[in-house]
Structure formats: structure tokens, C-alpha cells
Amino acid sequence: MSSSLLDKGYEPHEVEKRWYEFWEKENLFAGSEDSAKKSYSIVIPPPNVTGVLHMGHALNNTLQDILCRYRRLRGENVLWMPGTDHAGIATQNVVERELAKEGTDRDQLGREKFIERVWKWREEYGGQIIHQLKRLGASCDWDRERFTMDEGLSRAVRKVFVQLYSEGLIYRGNYIINWCCRCHTALADLEVEHEELGGHLYHIRYPFPDGSGGIVVATTRPETLLGDTAVAIHPDDERYTDIGVNEVILPLMNRNIPIIKDKYVDMTFGTGGLKVTPAHDPNDFDIGRRHNLPAPKVIGDDGLMTDEAGKYKGLDRFTCREAVIHDLEKAGLLEKTESHTHNVGHCYRCGTVIEPNLSKQWFVSAGPLAEKAMEAVISGKTRIIPDTWAKTYFEWMNNIRDWCISRQIWWGHQIPAWTCEGCGKVIVAMEAPEICPDCEGLTLVQETDVLDTWFSSALWPFSTMGWPDETSLLKTFYPTSVLVTAFDILFFWVARMMMMGIHFMGEVPFRDVYVHALVRDEGGKKMSKSIGNVIDPLSIIEQYGTDAFRFTLAAFAAQGRDVKMSEKRVEGYRHFVNKLWNAARLTLSHMPASDFEFKVPKVESLSLADRWILSGICRVTETVAESLDAYRFNEAAGALYQFVWHEFCDWYLEAIKPSLYGHNGLDRQQATLRVLWRVMRDALILLHPFMPFVTEEIWHKLPGTEGSIMKATFPADAADASEMRRDAEAEADMAYVIEVITSIRNIRGEMNISPSLALDAVVQSEDRGTGERVEQHKEMIIHLAKLGSLSVRGAGERPKSSATAVAGNASLFVPLEGIIDFAKETERLEKEIAKTAKDLSAASKKLGNEDFLAKAPEDVVQKAKEKQDRLIEKRQKLQVNLDKIRELKVED
């Protein structure tokens with residue numbers, strides 16, 4: 001065979017398209033419901049149907065794909081369940097924006113027509129994220145793709161709602177919720193994004209009715225005082241032990257409200273007085289329930305002040321704030337105003353400031369469900385990796401609040417509850433009832449609210465496999481093996497899947513939860529459109545190819561550490577892909593055309609280089625398996641990079657060239673070819689989970705392989721795996737040979753000697769074993785160090801005008817007389833040192849300029865510091881070389 005089997009350069013795009021189509025056509029991604037193999041399953045965190053591939057998706061799905069491809073190589077029956085989420089609020093907003101461009105809105109369209117419009121949008125655009133995941137190489141079982149609004153999942157959602165309601169775990173009631181006045185819907189606590197903003201803290205005096213004084217309270221939201229129904233103090237606060245009154249006058253509203261005692265109050269804050277607005281603050285709501293306080297709602301769902309706000313009725317909430325401040329000042333009740341930085345909640349979709357509001361909503365009673373979900377992690381039924389996230393999981397679960405699951409939008413699972421207009425009975429059922437069971441009334445109106453998107457997502461691990469039916473898919477693949485997720489949805493989604501999975505399946509939804517970090521820019525900053533540091537994964541794939549991008553993500557995916565992404569890093573791993581490609585071209589150019597037995601010969605017939613590389617492939621096989629089993633993706637990738645680039649390409653391929661070209665006889669040539677084939681084959685298999693496309697392309701050119709690399713056997717599981725073992729002696733011998741060669745190469749580099757010039761070298765050692773080791777592998781050292789001769793001696797005098805190095809307990813000497821013109825080399829080094837000193841002076845002057853340090857961007861300053869460090873290191877090396885030359889010149 002010749003290297004023409006592979007093009008001179010690797011061009012990824014045609015290769016990627018061709019092999020992905022091949023994998024799909026051959027049905028290589030499919031999991032089997034009735035296989036006798038060990039099952040391995042993952043459910044994809046379903047991307048929003050509105051989504052486009054971003055760096056978070058890329059990292060998350062690359063890691064999942066690595067695991068799935070690895071487990072297939074281990075002979076397991078793998079199901080990677082794909083799908084998308086209907087993303088209620090996000091999708092509705094997209095379609096509403098389209099309608100606005102057409103001069104209409106959802107109210108004019110009506111609910112039924114609007115939902116038809118959303119389905120149409122989903123059919124046209126909803127598959128975009130799936131196509132992009134395929135570009136990434138995701139090996140999902142696409143024939144099983146699910147959607148959180150498809151009929152099967154909708155049935156599961158209704159079943160869960162009805163059962164939880166019948167068990168008393170779903171209820172409807174007034175509760176303080178996060179309300180978006182723009183989206184006109186409730187939001188769960190986790191759907192509120194908090195931003196630290198500058199504002200004001202207003203200190204307001206609530207007078208005693210008898211005029212003897214008052215209590216000053218502080219608030220950032222003075223407009224809410226219109227709905228205050230008490231002022232609270234701590235029962236142990238001595239400042240209020242003998243005040244002699246039990247009421248205050250509510251400013252601007254001129255009505256008396258009680259002074260109550262509650263341990264929630266922080267005595268150390270301000271005067272120790274707390275205004276209580278039960279309808280507009282979650283903590284005040286709890287206080288109000290404890291003390292049976294009324295809860296007038298002064299801010300409406302539209303963000304305007306209600307009738308309860310008196311003369312401020314109809315004002316926007318922020319306009320009302322200004323009016324209240326003005327009137328308090330006028331009345332002499334605003335004691336002082338302070339600048340104050342605080343966290344302000346915003347809607348995660350539209351960015352509107354959230355209003356805590358009293359509303360009638362549907363809730364899941366989360367406490368009873370959370371207990372079992374915590375116990376599952378405590379007992380080890382589910383592991384959270386890294387385990388630092390388990391602490392965060394427990395903190396959230398221990399403080400869990402009831403989950404508001406109703407949303408005032410149209411796109412989503414409409415709540416399966418009907419109200420009888422005749423008697424008011426609420427009927428919760430799987431299907432629409434025809435008659436009221438109490439009064440036999442026929443006018444039954446369905447709840448207009450839909451369920452929180454995360455409600456259907458919480459059922460994802462089992463609803464996607466056919467529940468509530470008892471399917472063979474569930475029997476084979478539930479519980480799933482691992483969930484790969486970002487930490488920001490640990491509570492949104494993971495905890496809720498744990499609660500629902502245990503409650504409805506009687507078993508945890510996954511054995512492991514692997515929590516990966518964020519992808520940030522190269523400086524460690526979070527990617528943001530406003531900053532302008534967002535890296536588009538699709539443009540990276542277009543420029544460098546999918547394999548280089550995937551390998552970069554894996555190489556930097558260390559547990560508990562954010563991935564710092566840059567194009568330069570991807571470019572570096574594109575060079576790695578090229579290195580593998582060129583190594584494959586060299587390998588293929590020497591492979592026999594036919595009738596060749598691809599079986600590793602016995603150790604006795606192998607050279608040191610062959611034994612060493614076989615030991616190396618065994619070592620890296622162990623490392624990859626151990627690392628991927630423990631979700632240490634970066635360690636697996638790092639081990640493969642080190643082995644392929646530095647051991648296989650840099651050393652082994654160079655060391656065996658004399659054998660490949662027949663210089664050491666036919667037997668040695670054939671033995672080396674068999675080793676080369678085996679190592680290339682195993683390296684491709686080990687690399688495949690990380691770089692699926694290039695490995696598949698090379699695999700099909702490599703003789704002795706069959707079918708897709710996806711169906712290959714992992715090296716540790718191969719039939720002859722027991723014959724492939726670590727060779728400590730070969731590793732030690734080769735390590736020493738490399739040390740000797742590297743020492744000679746360093747002398748060549750330091751002395752500025754051309755690589756093509758053959759040198760003589762002398763090895764001196766009192767240790768007989770060292771001398772014998774060098775003598776035994778003399779030919780390899782001469783070949784790789786480009787020597788004319790190599791002498792091995794016992795201890796003796798240093799040869800005249802020789803450069804020196806130490807390797808283990810041996811001294812290396814390279815005679816330089818006649819090789820170097822010491823005077824010219826001295827002059828060259830002196831000039832180079834002078835130039836470096838000049839450059840270093842300029843760099844140091846720049847960094848000594850306070851104006852530059854203060855005004856220049858952080859990355860510019862950092863680059864200047866790095867340049868200074870490089871120049872200092874260069875000057876030091878040049879000086880060392882000059883000192884050596886001067887020493888040799890004196891000897892001369």
C-alpha cells in the first residue's frame with residue numbers, strides 16, 4: 001500500500017459529512033431493547049426547541065458522546081436518548097415577536113390558532129439544534145428522538161399531575177410567587193436571575209397614634225408600604241420592651257396597623273423594625289400567615305397599582321415609587337435616603353424586574369419528595385461527581401420551598417383540571433370530564449394555565465422510555481447510567497428528576513450525576529454578547545474541524561475547573577489531528593498489500609523500540625479506561641496526546657525507520673510492521689471517542705480492520721489482551737536511551753550546530769551496567785542523535801574541547817574541535833545577548849510605566865509581562881551558552 005490511500009493533508013468537512021451519514025445509514029447509534037449485553041444509557045439534557053448550539057451545549061454533548069462511544073467500544077448496549085424541550089416561555093416569546101412584526105398578537109389570534117402557529121414554527125425551525133448536534137458528532141439514537149410536547153410525554157405529564165393531586169402533593173392556593181409583568185406569568189425561584197444593582201435604602205418613620213414617637217423602618221421598595229399590614233419587631237429587642245403602644249399609623253394611608261413580634265426580624269439591622277407586606281414579599285408572606293394578617297394586593301399583575309393603593313391607583317409601580325417618596329418627604333416621614341447596592345431579580349427570559357406577588361397558583365408540595373431524593377444521594381444510590389456539588393445539592397434540598405408549577409402562558413401542557421361552573425367543584429383527570437360528579441352540571445371549564453416547562457422535563461428519564469406503560473425499553477435502560485449536566489441546572493432539573501423518578505419508578509433516575517464546569521474565554525471571563533467574547537462553536541468547527549474542537553473541550557474538562565477556551569487552543573489540537581494523519585500516512589505507506597498476518601510477535605524477537613511502544617499502548621489503554629470510568633476526561637485526553645505525539649510520533653516512528661526500510665533484515669522489518677500496525681490500530685480505537693471522524697477515516701484505510709471503528713473492541717477487551725502487558729524493563733531502558741539522545745540534542749542546540757552535521761560522542765561511566773545498556777542500544781542512539789560514532793568507556797579524562805552533559809550515572813562528551821569556530825560563535829552570542837538586553841530594557845521600561853499599567857487592557861499588560869519573562873529566560877540561556885563556549889575556547 002502507499003500513502004496515496006490518504007490525502008496529503010486532512011480536510012475535515014467532506015470526511016465528517018460522509019462518515020456521519022454512514023453511521024446513521026448503518027444504524028450504529030441504536031440501542032437494543034432485548035440485547036444480552038450490559039446496558040448503558042444516558043438521556044440528553046433536552047436543549048430548548050428555540051436553541052442554537054453554544055459552548056455549553058458543545059461541552060456537555062461532547063462529554064456525553066465520549067462516554068457513549070467509549071462504552072460501545074467496551075461491548076456495552078448503549079442508548080443515548082435524544083430530544084428537545086418545548087421551552088414554554090422562550091418559544092412563546094419567539095412566536096409573539098413574529099406576530100408583532102405582522103401587526104397582530106396572540107389575543108387577536110386566540111388560543112387555539114396561536115398554539116397551531118407555535119407548532120408550525122416548531123416544524124419549520126425546531127430541528128436546527130438537532131442538526132447542529134449532528135455536526136458535533138453526537139451519536140444519539142435519533143430514531144427515538146422525543147419532544148416534551150409529543151403525545152407520549154403529554155400522557156405521562158397528565159398521569160403524574162393526576163396522581164400527585166390525588167396523593168395531596170399538588171394543590172392550588174394563594175401564595176407569594178415571582179411574577180413577570182411583561183410575560184404575565186409566574187416564575188419559579190430558579191427562573192429568576194439576580195443582578196447586583198445600585199439603588200437606595202429609604203428610612204421611613206411610622207408614627208405612634210399618640211404622637212409619642214414612632215418606629216423607623218428601611219426599605220428599597222417604598223411603593224409596597226401601601227400594602228403594609230403590620231410592623232414587626234423581635235420579641236427579645238429591649239428597645240421596644242416598654243413602648244406602651246401596640247399600633248403605628250401607616251404613612252400616606254392614614255390607617256392603624258399592629259406592631260407584632262416575630263423572631264424572623266433582624267435586631268441588628270437599623271432600628272430593628274420591619275415593615276410587613278404579605279402580598280409583595282415572600283418572607284413577609286410567611287410572617288403574615290403566622291400572625292393571620294390580611295394581604296391586600298397593591299401592585300397588579302400588569303405592574304400597575306390597584307384599587308388597594310388608594311390615590312396611587314393606575315400608576316406604574318416605578319412611577320408610584322417616585323410619587324410615594326415625594327409624598328413622604330412632604331409629610332416629613334422620610335428620615336433619610338442612603339445609596340444601597342442590592343440583588344434585584346429579573347425574568348430569565350425577557351429581563352423585566354420581577355415583582356413578588358400574591359397569586360392563586362398550582363404547587364407541588366416538594367418537602368415529602370425531597371426527603372427520598374436526599375436519602376438516595378446519602379446512601380450512594382446516586383453519586384454526584386465531583387462530590388463538592390453534593391453539599392450544594394443538600395443545602396438546596398434542605399431549604400426547598402413548594403414548587404410553583406403553573407404558568408400564565410398558552411404554549412405548554414395545559415393543566416388537566418376542570419372547574420364546574422354550576423357548583424365550583426374542581427375535577428382533575430387524565431381526560432376531559434363530560435359531567436360534574438357532584439351536581440351533574442355539564443359546563444366544565446378547563447384551567448387556562450399551563451405547567452412549568454421543568455415539570456415535563458422532570459419526567460424525562462422515564463417518560464422518554466414509554467412510561468406510564470411498562471416497556472421493554474424501561475426494563476433495559478432504566479435507571480440510566482449517568483446524567484451529564486452543567487451545575488446551573490442542578491436544581492432546576494436534576495433534583496426534580498430525582499424526586500419524580502424515585503416517586504413514580506421506585507428507583508433513582510441515574511446512578512451517577514457528572515457536573516461539568518462552565519466554558520469561559522481564555523482570560524477566565526464568562527462569555528457574554530455584551531462583552532463581545534462569545535466564541536461560536538459552529539464557526540470553530542468550520543475553521544478547524546469537529547475533531548480538533550472536541551479534543552480541546554475534553555483536554556481542558558478537568559473536574560471542578562472551568563474550561564478556558566480560545567481559538568489558539570483549538571488550532572493547537574488541529575495540529576494534533578494533522579500529526580495523527582501524517583503518522584497514519586507513514587504507517588500505511590509501509591503496510592503490506594495482502595497475505596500478512598497482523599499478529600504481534602513474541603517479545604524475544606522484538607527490538608527495544610517495539611517492546612517500549614507496546615508497553616506504552618498498554619499503559620495508555622489503562623489510563624484512558626480508568627480516567628473515563630472516573631469522568632476524568634482531561635486526563636484521558638492528556639494521556640493520549642502525550643502518547644501519540646511524543647512517544648509514538650516523535651520517538652517510535654523515528655526509531656523504527658531503519659527497520660521499516662529493511663536495513664535491519666526482513667525478520668526485524670516484519671516484526672516491526674506487526675507492532676506498528678497493532679499500535680496504530682489500538683491508538684485509533686482509544687482516540688475514537690474523542691475524535692470520531694478522523695479515526696473512522698484512517699480505520700477504513702488500515703488493513704486488517706473490518707466495518708466501522710464504532711464496532712471495534714477496546715484494546716483491554718481484545719482476545720489477545722492478556723498477551724499485551726506492561727514491560728518495565730523496556731520502559732526503563734528506553735527512558736535512559738531517550739535521556740542520552742536528548743542530552744546530545746541539547747548540546748547540538750546550545751552550540752548552534754546544524755542538525756545535519758554528524759557528531760562524535762563519548763559515554764563514560766564507572767557503572768558496568770550503564771555501559772552495557774548504551775552499547776546494547778548504540779545503533780538507535782547513533783541514528784536518532786545523528787552521530788558519526790559513539791564510544792562507550794569506563795571513567796576517564798574529559799576529551800579536549802568537549803561539550804558535556806550527564807545522563808543518569810554516565811557523563812556524555814561531544815568533542816567540538818573542528819566543529820565550531822569558537823571565536824565566531826562567541827561573537828554571535830555576544831551580539832545576540834546585546835540585542836536581547838536592548839529588547840528587555842524596552843519591555844521593562846514599558847512595564848515600569850504606571851500610566852501604561854493603569855490604562856492598558858488587562859490582556860495587553862499580561863502579554864507584556866510574558867514577553868519580559870521570555871526575554872529574561874532567553875538572555876540567561878544565551879549567557880550560559882556563551883560561558884560554555886568561552887570555557888571550551890580556553891581549552892582550545
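This is a predicted model: local features need pLDDT of at least 70, side-chain atom pairs count only at pLDDT 80 or more; totals for chains, interfaces and linings use all residues.

Reader: How many helices and strands does the protein chain have, and what does it span along its principal axes?

Author: The chain has 29 helices and 29 strands. Its C-alpha trace spans about 110 × 70 × 55 Å along the principal axes.

Reader: What share of the residues is buried?

Author: A residue counts as buried when its relative accessible area is under 20%. Of the 892 residues here, 54% count as buried. The accessible surface of the chain comes to about 39900 Å², and 47% of that belongs to carbon and sulfur atoms.

Reader: Which separations in sequence do the contacts join?

Author: Take the contacts between residues at least 6 apart in sequence: 77% of them join residues at least 24 apart.

Reader: How many residues of helix 22 are buried?

Author: The count is 18 of the 22, so helix 22 is largely enclosed by the rest of the structure.

Reader: And which residues of helix 24 are buried?

Author: The general idea comes before the list. An α-helix has 3.6 residues a turn, so residues three or four places apart point the same way. In helix 24 the buried residues include Ala730, Asp733, Met734, Tyr736, Val737, Val740, Ile741, Ile744, Ile747 and Arg748. After the helix comes Asn752, with a positive phi near 60°.

Reader: What does the side chain of Thr695 reach?

Author: Thr695 is in helix 23, residues 692-699, and counts as buried because its relative accessibility is 0%. Its side chain reaches the backbone oxygen of Met691 at 2.7 Å. Beyond its neighbours within four places in sequence, Thr695 is in contact with Leu684, Leu687, His688 and Ile709.

Reader: Is Ser708 buried or exposed?

Author: Ser708 is buried, with a relative accessible area of 3%. Its place is the loop between helix 23 and helix 24. The side chains of Ser708 and Glu696 are joined by a polar contact of 2.6 Å, and the side chain of Ser708 also reaches the backbone nitrogen of Met710 at 3.0 Å. Leaving out residues up to four places away in sequence, Ser708 touches Phe22, Trp23, Leu28, Glu696, Trp699 and His700.

Reader: How many aromatic pairs does the structure hold?

Author: There are 36. To classify a pair, check the angle between the planes: over 60 degrees counts as edge-to-face. Phe114 and Trp410 have ring centres 5.8 Å apart and planes at 70°, so this pair is edge-to-face. Phe114 lies in helix 5 and Trp410 in the loop between strand 17 and strand 18, so the pair ties together parts that are 296 residues apart in sequence. Both Phe114 and Trp410 are buried. Elsewhere, ring pairs link Phe551, Phe556, Tyr573, Phe576, Tyr641, Trp645 and Phe690 into a cluster.

Reader: Which charged residues lie over a ring?

Author: Two cases can be looked up. The charged end of Arg496 sits over the ring of Trp403, 4.1 Å from its centre. Lys134 lies over the face of Trp142, at 5.2 Å from the ring centre.

Reader: Where are there cis peptide bonds?

Author: Look at omega. The bond from Trp467 to Pro468 is cis, with omega near 15°, and Pro468 is in the loop between helix 13 and helix 14. Another cis bond joins Tyr478 and Pro479, with omega about 0°; Pro479 lies in the loop between helix 14 and strand 22.

Reader: What is phi at Leu252 and at Lys786?

Author: Leu252 is not a glycine, yet its phi is positive, about 70°. Leu252 is in the loop between strand 10 and strand 11 and counts as partly exposed at 21% relative accessibility. Lys786 has a positive phi near 55°. Lys786 is in the loop between helix 26 and strand 27, and is partly exposed with a relative accessible area of 48%.

Definitions and conventions. Residues are numbered from 1 along each chain as its sequence is written. Side-chain values use heavy atoms; hydrogens and water are left out. Buried means under 20% relative accessible area, exposed over 50%, partly exposed in between (1.4 Å probe, protein chains only). Helices (H or I, at least four residues) and strands (E, at least two) are DSSP runs, numbered from the N terminus. Rings of Phe, Tyr and Trp (its six-membered ring) pair if their centres lie within 6.5 Å; planes under 30 degrees apart count as stacked, over 60 as edge-to-face and the rest as tilted. A charge sits over a ring if NZ of Lys or CZ of Arg is within 6 Å of the ring centre and within 35 degrees of the ring normal. Contact means heavy atoms within 4.5 Å. Accessible areas come from the Shrake-Rupley method with a 1.4 Å probe; for residues, only the protein chains shown count as cover. A polar contact is a pair of N or O atoms within 3.5 Å; within protein, one must be able to donate a hydrogen and the other to accept it, and residues adjacent in sequence count only if both atoms are side-chain atoms.
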